[in-house]
Amino acid sequence: MTDTNYTYAVARIRALEVTLFSNATIDQLMACRTYEECLQFIADKGWGDSDTGLNAEAMLTREEEKIWEVMREMRVDMSVFDVLSYPNQFHNLKAAIKEVCTETVNPGIFYDDCEIGGEEMLEIIRNKDFIRLPDNMQAAAKEAYDTLLHTRDGQLCDVIIDRATMEAVYEAGRQAKDDIMKNYAEDTVAIADIKIAVRSAKTAKSIEFMRRAMAQCASLSVDQLSKAALAGEAAIAEYLLGTAYAGGAEALKESPSAFERWCDNRVIQTIQPQKYKAFTIGPLVAYVLARQNEIKTVRIILSGKQNGFPDDAIRERVREMYV
Amino acid sequence: MSELGIVYALLGAALAVLLAGAGSAIGVGIAGQAAAGVVTEDPSKFAKVLIMQLLPGTQGIYGLLVGFLTLSKIGLIGGGAANLDPKTGLMILAACLPIGIVGLISGKYQGMTSAAAIGIVAKKPDQFGKAMLFPAMVETYAILALLISIIAVTGIQV
């Protein structure tokens, strides 16, 4: 029987989708001559609130907060968004381990709209109370903590936590009922592996490093990808041509920013069918991803305008919109 | 034994009202959730989504109509109860089933189609007319069942 639990939420999302930026809106934003004009443009579109004024970072942060406020208002089971929230959750773990091990304090490095906020995460790490962490985080937290404490190798600490993040995302996707979550998790892990391969090829990392850093997924062979990375970027592109990520191979040949854009555009293409679903969680997840993509694109444009980049250079980095 | 006929006939009237009414209640409920979702963000669309929400409500009215016809037929409205034999009672029960069963199923699915059509209105209010056609198509089958139930109930000789 079709699940109609999300009927209210999906209809509300449909009404909200009208306010999402289209490609034409992004073109209008690009047409603004100055950084200040861009800020005024997004403020006129309702971005930020009375407290943020025309402060770009405050406006973008407020927009990110609005996404989750809407989801919470709709009283949906927030665990369905685990696939999306794990990266922030594991980021908090990484930041806390680094702060504790290096005995430094860096304000503003934590995401607070997570299951475990910055302060709580710091307390857990300081007390080595790893048992309080979710099951999929405990082993990685302990290993990363011990590694950083004994070797002072920050990159190795990152590798351990990043891989655990991808494994958690993949497992959450595998257990999800909806295809959108499965596909998103698959793409996220595969794209992360491709990025590791590209960076490893550029920095001449060993195959052992790559195997340790990459997470297993169904659509790519970690073994073949890491072997291709040893041979260089051209070999990675050649390997990708035979996979579902052939478009990424073309983008890789073009430029690193084109590849980054392709990665985000692929996510947007994956969620496009959710525009036509009426009773599943899919449209809600698609809305969250579309809003995050929109905020990222606006951030890129604002940053480009602020630093005086030519329009062509900014446009190369502009992502496709969901609507 | 002689009262069994009227019991069957009354059961038919009850099923027509009960099943078709339940279908409408489910359908209107589903469409109402979607309508509420849209109005939360855009109250100006209230009138349009309200019409969409009401579409699955007709099955309940059809069931009520067949229920009234049946009660009138067996004399429970406007006169003394007819002395029905069990065979005639069962025939009246069978005549009530089309609107009861089809009303239940079509009410639910019309509600779901209305909810989906409310999504169209949320994004493209100018397409209201086209959006309304989709749930209206489901209505066709409730009307067909209503016709058969009315013809059958009125055609049975008491």
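**Entry 1. A:Arg12**

I began with A:Arg12, which is found in helix H1 of chain A, residues 7-17. The model is a predicted one, and I read everything below with that in mind.

Next I listed the contacts of A:Arg12, leaving aside neighbours within four places in sequence. In chain A they are A:Glu73 and A:Met74. In chain B they are B:Gly37, B:Val38, B:Thr40 and B:Glu41. With B:Glu41, the side chain of A:Arg12 forms a salt bridge, at 2.6 Å from N to O.

**Entry 2. Chain B against chain A**

From that salt bridge I went on to the whole interface. I found 15 residues of chain B in contact with 15 residues of chain A. The two chains bury about 1,300 Å² between them, and carbon and sulfur atoms give 70% of that area. On the chain B side, the residues that lose the most area to chain A are B:Glu41, B:Met112 and B:Lys123, which together make up 40% of what that side buries.

I then checked the polar side of this interface. The count of salt bridges between chain B and chain A is 2, one of them being the pair B:Glu41 and A:Arg12. Residue pairs in polar contact, with both residues at pLDDT 80 or more, number 3.

Which elements of chain B give two or more residues to the side that touches chain A? I noted helix H1 (4-41) and helix H4 (86-123) of chain B. H1(B) gives the most, with 8 residues.

**Entry 3. Domains of chain A**

I turned to the domain assignment of chain A. Domain 1 is made of two segments, 1-72 + 281-323. Domain 2 covers 77-176 and domain 3 covers 193-273.

I took domains 1 and 2 of chain A as a pair. Their C-alpha centres lie 28 Å apart. The contact takes 9 residues from domain 1 and 5 residues from domain 2.

The area buried between these two domains is about 670 Å², with 82% of it from carbon and sulfur atoms. In domain 1, A:Trp68, A:Arg72 and A:Val285 lose the most area to domain 2, together 51% of what the domain 1 side buries.

How many salt bridges does the rule find across the interface of domain 1 and domain 2 of chain A? I recorded 0. The rule also finds 0 residue pairs in polar contact there, with both residues at pLDDT 80 or more. Helix H4 (56-73) and H15 of chain A each supply at least two residues of the domain 1 side that touches domain 2. H15(A) gives the most to that side, with 4 residues.

**Entry 4. Nonpolar cores**

Last, I looked at the cores. The largest nonpolar core has 83 residues, and the members that touch the most others are A:Ile42, A:Phe81, A:Leu93, A:Ile97 and A:Leu284. Helix H15 of chain A, residues 282-306, gives this core its largest share, 11 residues.

Methods:
Residues numbered from 1 in each chain as written. Chains lettered and ligands numbered in written order. Heavy atoms only, no water. Core = buried A, V, L, I, M, F, W, Y, C linked by side-chain atoms within 4.5 Å. Buried < 20%, exposed > 50% of the residue type's maximum accessible area, 1.4 Å probe, protein only. Domains from an automatic or database assignment. Contact = heavy atoms within 4.5 Å. Buried area = accessible area lost by both parts, 1.4 Å probe. Salt bridge = Lys/Arg side-chain N within 4 Å of Asp/Glu carboxyl O. Polar contact = N/O pair within 3.5 Å; in protein donor to acceptor, adjacent residues only side chain to side chain.
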